[in-house]
Amino acid sequence: MTFRAGQPDMSSLASTLRRLHLNRVIWLMIACIVVGASLADAVTINGHRYVSLPDVATRFGMDHSWLVRGKEAQVGSQWSDLRFTLHKRDITYNGDKIYLGAPVALHNGVLHITEVDYEQTLKPLFFPQQFDPKPKLYHIVLDPGHGGKDGGAQNPSLKLQEKYLAMDLANRVKSRLERYGYKVSLTRTTDKYISLSERPAIANRLNADLFVSLHFNAINNSKVDGIETFVMTPPGHASTNSTSADSRSYAGNKDAPWSLMAGYYIQSAMVEKTRADDRGLKRARFAVLKSLECPGVLVEGGFVSHPTEGRNIGSSAYRDKLADAIVTGILNYQKAINRARGIDS
């Protein structure tokens with residue numbers, strides 16, 4: 001995307017699964033605390049309803065502390081570390097960058113986040129069992145970005161073109177997912193142009209359980225690099241790369257908690273596996289996400305315009321890493337929704 005903006009590694013996967021098992025225990029402990037927690041009053045700041053971080057900590061059964069009084073705060077436990085900075089939209093969760101819909105605000109001497117960010121960003125990560133209906137995951141639709149007359153991002157000096165890279169990555173992810181027993185469909189299997197509106201329509205017609213759109217970035221600045229993942233922006237909030245809010249709710253907002261979870265796990269796995277710069281889990285009302293009737297994410301697997309990252313993306317070994325990471329993220333998402341559904345896995 002032009003910037004307007006073999007098997008997965010088993011040792012890494014085993015480590016991740018051990019961590020997920022621990023997370024399950026943590027979820028159960030926290031859930032017991034939260035059931036009895038009372039909700040403090042929200043306040044209105046800049047037209048949004050905000051809740052205080054001490055209240056969020058109480059609801060999560062965690063501790064609140066200042067890192068820099070009045071500017072940076074931590075909500076954490078023995079296992080979880082959430083960090084917030086005044087006026088910033090990006091937070092970190094155990095080191096992974098996640099963008100909120102509205103900036104962190106200061107009120108009565110404590111930091112606040114919007115109720116929407118509490119409900120649609122933090123709660124899906126800690127309490128997915130509170131959201132219904134809970135999805136299954138069997139049929140995954142992969143969407144190789146661009147194609148045909150739409151070449152997407154390019155780096156002529158490295159002979160890279162996004163439409164071919166996305167198609168190659170989709171095939172690598174598809175073969176790996178099929179080894180795990182998933183049914184996988186592609187929105188295109190050849191160098192063919194498909195409109196943005198048709199891509200989610202294909203997923204909807206196939207009754208997909210998850211939609212993953214695959215892209216690469218480019219920008220007229222060779223210093224910019226890194227990986228980012230997008231999910232739908234909540235109604236009333238501005239997308240990450242915008243300051244204009246949109247109050248409308250789209251079909252793609254219906255599965256917001258599950259899209260958020262899928263995006264988080266895929267982004268986290270890609271950054272861990274490739275060691276690329278973490279540009280974060282972001283929000284956007286992309287056409288391919290707006291009309292989806294299933295959870296969906298859009299992945300930007302790096303900048304072909306960056307000299308080092310571009311060369312990496314051009315190598316099949318690096319695209320294998322990306323494919324392994326995306327599959328690991330989807331497997332971790334599967335584990336999370338299984339736990340939410342009360343299924344041991």
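Here is a walk through the structure, from overall confidence to the cores, a helix pair and a few loops.

Keep in mind that this is a predicted model. Its mean pLDDT is 90, and 88% of the residues reach 70 or more.

Now for the inside. In soluble globular proteins, nonpolar side chains tend to be buried together. Here the largest nonpolar core has 74 residues. If you want to find your way into it, look for Phe60, Leu82, Phe84, Ile113, Val212, Ile330 and Tyr333, the residues with the most contacts inside this core. Helix α9, residues 316-340, is the element that gives the most to it, with twelve residues. There is also a second, separate core of 14 residues, and Ala208, Met232, Ala284 and Leu289 are among them.

Leaving out residues up to four places away in sequence, Ile113 touches Arg49, Tyr50, Val51, Leu53 and Val56, along with Phe84, Leu100, Val104, Tyr118 and Leu122.

Some of those partners turn up again in a helix pair. Helix α2 covers residues 53-60 and helix α3 covers residues 115-126; their axes come within 12 Å and cross at roughly 30 degrees. Angles under 35 degrees count as roughly parallel, so that is how α2 and α3 run relative to each other. Their crossing is right-handed. On the α2 side the contact is made by Val56, Arg59 and Phe60, and on the α3 side by Tyr118, Leu122, Lys123 and Phe126.

Follow the chain on from there and you meet a backbone detail. The peptide bond from Asp132 to Pro133 is cis, with omega near -10 degrees. Pro133 sits in the loop between α3 and β10, the latter being residues 139-144.

Which residues other than glycine have a positive phi? One of them is His87, at about 70 degrees. His87 belongs to the loop between β5 (81-85) and β6 (90-93). Its relative accessibility is 60%, so His87 counts as exposed.

Asn207 is another non-glycine residue with a positive phi, near 55 degrees. Helix α5 itself has buried residues, namely Arg199, Pro200, Ile202, Ala203 and Asn204. What covers them includes β10, β14 and α7 (287-290).

The relative accessible area of Val224 is 18%, and the cut-off for buried is under 20%, so Val224 counts as buried. What does Val224 contact, apart from its neighbours within four places in sequence? The answer is Ile219, Arg279, Phe303 and His306. Take His306: it is 82 residues from Val224 in sequence, yet their C-alpha atoms are 6.3 Å apart in space.

Conventions: Residues are numbered from 1 along each chain as its sequence is written. This is a predicted model: local features need pLDDT of at least 70, side-chain atom pairs count only at pLDDT 80 or more; totals for chains, interfaces and linings use all residues. Side-chain values use heavy atoms; hydrogens and water are left out. A nonpolar core is a set of buried Ala, Val, Leu, Ile, Met, Phe, Trp, Tyr and Cys residues joined through side-chain atoms within 4.5 Å. Buried means under 20% relative accessible area, exposed over 50%, partly exposed in between (1.4 Å probe, protein chains only). Helices (H or I, at least four residues) and strands (E, at least two) are DSSP runs, numbered from the N terminus. Contact means heavy atoms within 4.5 Å. pLDDT is the predictor's confidence in each residue, from 0 to 100. Axes are lines fitted to C-alpha atoms, for helices over the stretch in contact, and angles run from 0 to 180 degrees between N-to-C directions. Angles under 35 degrees count as roughly parallel, over 145 as roughly antiparallel, 65 to 115 as roughly perpendicular and the rest as oblique. A crossing is left-handed if the near helix is turned anticlockwise from the far one by less than a right angle, and right-handed if clockwise.
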